[in-house]
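The sequence and structure are shown first.

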Amino acid sequence: MTFAGEVKNAVTVRAALLVVGVLALQLLFIASYVGALHRPDATDVPFGVVAPRQTSQQLVTRLDGLPGGPLAPRAVSDAAEAQKKVMNRDLDGVLIVDPQGTTDTLLVASGGGTVLANTLVKIIERAEAPQHRTVRTVDVAPASPDDFNGLSSFYLVVGWCVGGYLCASILAISAGAKPANRQRALIRTGVMALYSIAGGIGGAIVIGPILGALPGSLWGLAGLGALIVFAVGMITLALEALTGIVGIGLAVLIIVVAGNPSAGGAFPLPMLPEFWRAIGPALPPGAGTWTARSIAYFRGNAVTGPLLVLSAWAVVGTALTLLLSLRRGPDGEGPWAATAVNTSEPLR
């Protein structure tokens with residue numbers, strides 16, 4: 001046999017196409033992570049200003065005109081309202097001006113991202129210096145000292161996402177990548193649900209009581225984890241049912257390549273480039289990271305939107321998995337299989 005023949009036998013066309021797909025996925029991984037994280041700059045950070053009425057708008061205009069546009073400032077009525085908005089995650093920081101002195105107060109929330117809180121301190125200190133004013137920083141939602149740079153919530157969510165698509169991948173290929181018929185799809189969905197509950201509770205116990213890395217409601221985090229694992233697992237099963245083994249790569253593309261760098265974990269959303277900032281909240285890692293931080297540090301505020309996002313992924317994944325299974329016969333063949341068998345019988 002010639003060398004070309006040996007190559008053809010060793011590497012089928014299907015295998016070659018899959019290798020090309022893996023190469024594309026690898027390059028997208030590099031482009032996504034480096035593109036999102038290589039140069040974090042604060043841009044249009046939601047920021048409040050509490051100041052006397054006669055100077056408030058002037059200060060807002062001055063902060064809005066800072067080089068590079070790091071802040072998106074707006075006037076806030078008083079200090080109590082300012083703190084409420086930070087805790088509700090409407091604002092990432094607030095400058096409270098003291099009209100009787102030269103020391104102003106900056107409210108930040110390092111629980112939403114230590115890097116962003118520290119960046120806001122530097123921005124405001126530089127902006128106040130030419131006015132001969134100093135800044136006193138108050139952290140109204142401080143990150144746990146055992147939660148370095150506020151990353152524990154992100155890594156927790158990454159772990160849940162990894163568990164979701166790995167479990168789904170195993171379920172999809174355990175029977176030799178047989179397409180799911182209705183019974184098989186129902187069983188896989190049930191197993192995915194049970195695994196999600198176990199994964200959610202287990203992750204919450206590890207990061208809370210065992211490691212003490214993240215405060216907040218144990219059962220709140222456990223419920224969030226179950227939803228994340230189930231959503232990621234079911235969308236993986238749906239993609240596998242739609243495209244075969246390629247669906248596992250598509251799940252990695254959505255969750256790992258696009259989702260992780262845009263999640264606001266290493267750098268909160270206002271520090272990411274515009275594209276990643278736009279897609280992050282719509283993907284499971286971003287919605288999960290935001291919700292985990294809200295549960296841990298913000299009394300569970302501002303979680304309705306992200307929970308709806310995660311629920312939508314779970315519902316769409318489940319619906320597609322079950323609907324696509326209806327096209328299959330008892331052994332996973334298409335709806336034409338039974339007809340083909342019947343037509344082989346002699347006519348009477």
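Predicted model: local features only at pLDDT ≥ 70, side-chain atom pairs only at ≥ 80, totals over all residues.

## Helix 6 and helix 8

Helix 6 (residues 152-173) packs against helix 8 (residues 218-243) with the axes 8 Å apart and an angle of about 40°. The two helices are therefore oblique to each other, and their crossing is right-handed.

On the helix 6 side, the contact residues include Val157, Trp160, Cys161 and Gly164. Helix 8 meets them with residues including Leu221, Leu224, Gly225, Ile228 and Glu240. By class, the contact of helix 6 with helix 8 consists of 13 nonpolar, five polar and one charged residues.

## Helix 8 and helix 12

Helix 8 and helix 12 (residues 304-325) cross at roughly 35°, and their axes come within 7 Å. This crossing is left-handed.

The contact of helix 8 with helix 12 has 18 nonpolar, four polar and no charged residues.

## Nonpolar cores

The largest nonpolar core has 50 residues, and those with the most contacts inside it are Val94, Trp160, Met192, Leu214, Leu224 and Ile228. Elements giving two or more residues to this core include strand 3 (93-96), helix 6, helix 7 (182-210) and helix 12. Helix 8 gives the most, with eleven residues.

Leaving aside residues up to four places away in sequence, Leu224 touches Trp160, Gly288, Thr291, Ala292, Ile295, Leu307 and Leu310. A second, separate core has 28 residues, including Leu63, Leu71, Val97 and Ala117.

Technical notes:
Residues numbered from 1 in each chain as written. Heavy atoms only, no water. Axes fitted to C-alpha atoms, helices over the stretch in contact; angles between N-to-C directions. Helix = DSSP H or I, 4+ residues; strand = E, 2+ residues; numbered from the N terminus. Parallel < 35°, antiparallel > 145°, perpendicular 65-115°, else oblique. Left-handed = near helix turned anticlockwise from the far one by under 90°. Contact = heavy atoms within 4.5 Å. Nonpolar A, V, L, I, M, F, W, Y, C, P; charged D, E, K, R; others polar. Core = buried A, V, L, I, M, F, W, Y, C linked by side-chain atoms within 4.5 Å. Buried < 20%, exposed > 50% of the residue type's maximum accessible area, 1.4 Å probe, protein only.
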